[in-house]
Amino acid sequence: MASPKTVPKDAQVMMQILKDMGITEYEPRVINQMLEFTYRYVTTIIEDAKIYSTHAKKSNVDADDIRLAIQCRVDQSFTSPPPRDFLLDIARQKNQTPLPLIKPYTGPRLPPDRYCLTAPNYRLKSLQKKVSSSAGRITVPRLSVGAVSSRPSTPTLGTPSVQTVGTKVGTPVSLTGQRFTVQIPSSQATSVKSATPTTPTVQNVLINPSLIGSKNILITTNMVSQNSSSDSTSLKRKHEDEDDYDAL
Amino acid sequence: MAAVQDGPMELDAEKEAKPEILSDGTSNLSGNTASGTLSSSPLTAAPAGGAPKMEDQQTLIAVLQFLKRNKLSESVEILRREAGLGEHQEGSQATDGSGGGKGDGDGGDANSLLSRVSITSAAAPQSMPVKSDCIINIFRCDLPFMFMLSEDQPDVSVVLSAYSQQGDPPLYQVYYSGLKNFIESVLDCHRAELSQLFYPLFVHMYLELVYNNHETEAKAFFDKFSGDQECYYQDDLHILCGLTKKEHLKGNEVLLDFRTSRFVLHISRDSYQLLKRHLQERHNNQIWNIIQEHLYIDIFDGMPRSKSQIDSMSGSLAGEAKREVNKAKVFYGLLKEPEIEVPLDDEDDEAENEEGKPKKKKTKKDSLGSKSKKQDPNAPQQNRIPLPELKDSDKLDKIMYMKESTKRIRLGPENLPSICFYTFLNAFQGLTAVDFTDDSSLLAGGFADSTVRVWSVTPKKLRKVKSAGELNVIEKESDDVLERIMDEKTASESKILHGHSGPVYGVSFSPDRNYLLSSSEDGTVRLWSLQTFTCLVGYKGHNYPVWDTHFSPFGYYFVSGGHDRVARLWATDHYQPLRIFAGHLADVTCTRFHPNSNYVATGSTDRTVRLWDVLNANCVRILTGHKGPIHSLAFSPNGKFLASGSTDGRVLLWDIGHGLMIGELKGHTDTIYALKFSRDGEILASGSMDNTVRLWDSMKAFDEVETDDFTATTGHIHLPDNSQELLLGMYHSKSTPVTHLHFTRRNLLLAAGAYNSQ
């Protein structure tokens, strides 16, 4: 411990406080930590008090502002445990219910999954099947983008279940001027919601030729959850959004 | 106010003195004291003419309060004069529990008076509520109504508003000196008992001065009289010394609890008569008022206690324990062990492999439980609390346990255990909790860097279960499937568990070695799986540091205790606690289950040990006597006794059945953090911060207990000072404080601590 003569006054005061509280053994860094805390606390309080006093349109900060500032801080940071009567009250309520019976043979006895930490807190990125012509294909969408780009895609593609695309295409939806891509989501760990087939192979997409517009249909086969970037933003696919970006 | 509780014999004599002391003769003690409050008002109203007058009183007081709030002081004076409120309150001061009803009080007085009057009106004066759930505790009766009445005042002011002006501030010194002189002048035999009054009176008077903003007088009062107090109250006095303003009292829950609860004193009838006579002779009854309001004097018939007897039992923040509190029946016996048929072949194989012993006889029944077919009268029913059923793996464990126990060394004064010390190096004072599994195969450490580390004590490494993908491909029908599911690639001697966000203050293994619990400063208790070494559940309930946690000896339940002054009972499959054990005045620092899992012992910073019943969370025992916060508890294996260790360096032994202190083991010079009984209860090992492990002869300590009728009823034991005889051995470590002790199944003592290089 530094000799008292060379220690700044604030630190001397802190050492005296510790002595008065009966603390005789402490690491030297404790003084520094206490001083830091003191400076930070006092500064916070005074700043808060200044804000309150300007809010009240007073010219000076007075004791009431300080008191208010302290009060607000105490409720925020330095909370204290509930008072005794409150604890006794809730204890009484809780203790009235009898102990629940234990079901036999239930395996690990854990609370409902919602309250456990056993759920995965990550989602896997989709695996991409690299196709040789992928580079070429990528440019193709670019061509039609110019024609189409502003059009929002059909809502039919927004559904997670892709095998219904065929039927949906059959519906009388005007496809002129709309470009759509057939997307077949890959097998993913999280695709439990969709009943999509897990195989990333091509699906036979039945498209009613009569509805096909002039130049706008791009059937991307062998692509696995590919989508051009322009469309991906507008496609509101529920769960596979992020996967789509990484293909390009 | 019923500040005094007499035995039933004195009922008639007391009835005459009813205006002063109310005792009802009902067996429900707290019912008495609460009903004392409640019945005081009808008594004061009775001389004034019965029930209707009371309601008028109420309205008058409400009007008074309203006027005061609106600062119409002259009207207040006029009203008071005309209604005769001031004098009336003065006259009924001694009887009425509303100590706040002084004529010259401020708004707080009328408030408290109002609140107290409404308490009395809330319950029908004739019917003394004896139901335990609405009696709760005396210290409660003031508060809830105060809260309801004065919503605009901050809670603290409301709570403390009963600290009304009891007299002139400068006179407090006079009152206290007067009492001091009186007590010094009485006979020696009474002096020790009456000296118990000094500390609670001193604290209450000081707090009153502080609350009423008489800072200089408070300081002067403190300086003059704090030196007179007993040495074991010095820590409290340090805290009080720093409290000089009313604002300091806010948020200090411990002091608030102290002020609202009643400090219990045991005083013999003769001493009490002396005191009463003296205080009532004097004109200003300030001290008497404080006694009535804040103290509870439990009178007993018999010889006054000696100083040493008093010293051994006092020291807690709430005084001693009322006699009635420790009278509830406690089922301290052990539950019957289930009968397990040990199959012949398994046992033979193992026995021959290990020791080459000759084949054992035919199926050996579990010898532990089949001793008596009759129910032990002191044991709880098997189904008193629901317990998990015994799984096959548990049965195998039990068989192992039995086998190990046959090889157990019998310990005794001539046969001391060997001690194996596990020293944690490079912990840099960060080791905050340690636990061993029952079969001593795993060791867990909780650290200040918020990690929990698990080590394997045996040469067998720690393995976790394989991931789902790998589990798919193993052959499920093979015989060693349990081995195959374990991942060999990541086997290691130790595993680190991350998850907490604050230092880990308590760890506890489950008896089936599947789970580990850890409690931390972040307010959560986490359940970790020892199969996958991941966290399964975080139990949030305490919002403040949780100081200790402990699994039940049968698994499934666990208890945790923390800074919020309660202990909670949880089950692993409920995300909310099942029971809340509220009653301590300060943090709960240590929690332990009784071997029969029906009771939980908690030690606290308020220097008491409480025993709670798991079934209905009633506090069945309050054990006072420690002079410092309690940091370790241990039940004896037969369930009858409890040992507790605290910062004062003493280990106290308690008889749970009677609720009495039966032994005191002095010797340690620093806080005792580890206490463990040997497997058969013959030896008690204690480890402390003074780097020593001491072994005590607990068999002898328990044998010497004589509980005759007097001690059983009054709880006044004369403890033999035999610590030196009971000490069997003292073992120093170089500079490693002992954090944990554990007896293996064969009675080898394991100790754990972190090397302290300073």
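These legends describe close-up views of a predicted model.

**View 1. Chain A is built from helices.** Chain A has 8 helices and 0 strands. Along the sequence, the pattern reads α-α-α-α-α-α-α-α. Chain A has 248 residues, and 30% of them count as buried. Now take the contacts in chain A with a separation of 6 or more: residues 24 or more positions apart account for 65% of them.

**View 2. Helix α1 of chain A packs against helix α2 of chain A.** Two numbers describe a pair of packed helices: the angle between their axes and the distance between the axes. Here α1 covers residues 9–20 and α2 covers residues 28–55. The angle is about 105 degrees, and the axes lie 10 Å apart. Angles of 65 to 115 degrees count as roughly perpendicular, so α1(A) and α2(A) are roughly perpendicular to each other.

**View 3. Residues from both helices make the α1(A)–α2(A) contact.** From α1(A) come A:Asp10, A:Ala11, A:Met14, A:Met15 and A:Leu18. From α2(A) come A:Val30, A:Ile31, A:Met34, A:Leu35, A:Thr38 and A:Tyr39. By class, the contact has 9 nonpolar, 1 polar and 1 charged residues.

**View 4. Chain A meets chain B.** In this contact, 38 residues of chain A touch 54 residues of chain B. The two chains bury about 3900 Å² between them. Carbon and sulfur atoms hold 60% of that buried area.

Terms used: Residues numbered from 1 in each chain as written. Chains lettered and ligands numbered in written order. Predicted model: local features only at pLDDT ≥ 70, side-chain atom pairs only at ≥ 80, totals over all residues. Heavy atoms only, no water. Axes fitted to C-alpha atoms, helices over the stretch in contact; angles between N-to-C directions. Helix = DSSP H or I, 4+ residues; strand = E, 2+ residues; numbered from the N terminus. Parallel < 35°, antiparallel > 145°, perpendicular 65-115°, else oblique. Contact = heavy atoms within 4.5 Å. Nonpolar A, V, L, I, M, F, W, Y, C, P; charged D, E, K, R; others polar. Buried < 20%, exposed > 50% of the residue type's maximum accessible area, 1.4 Å probe, protein only. Buried area = accessible area lost by both parts, 1.4 Å probe.
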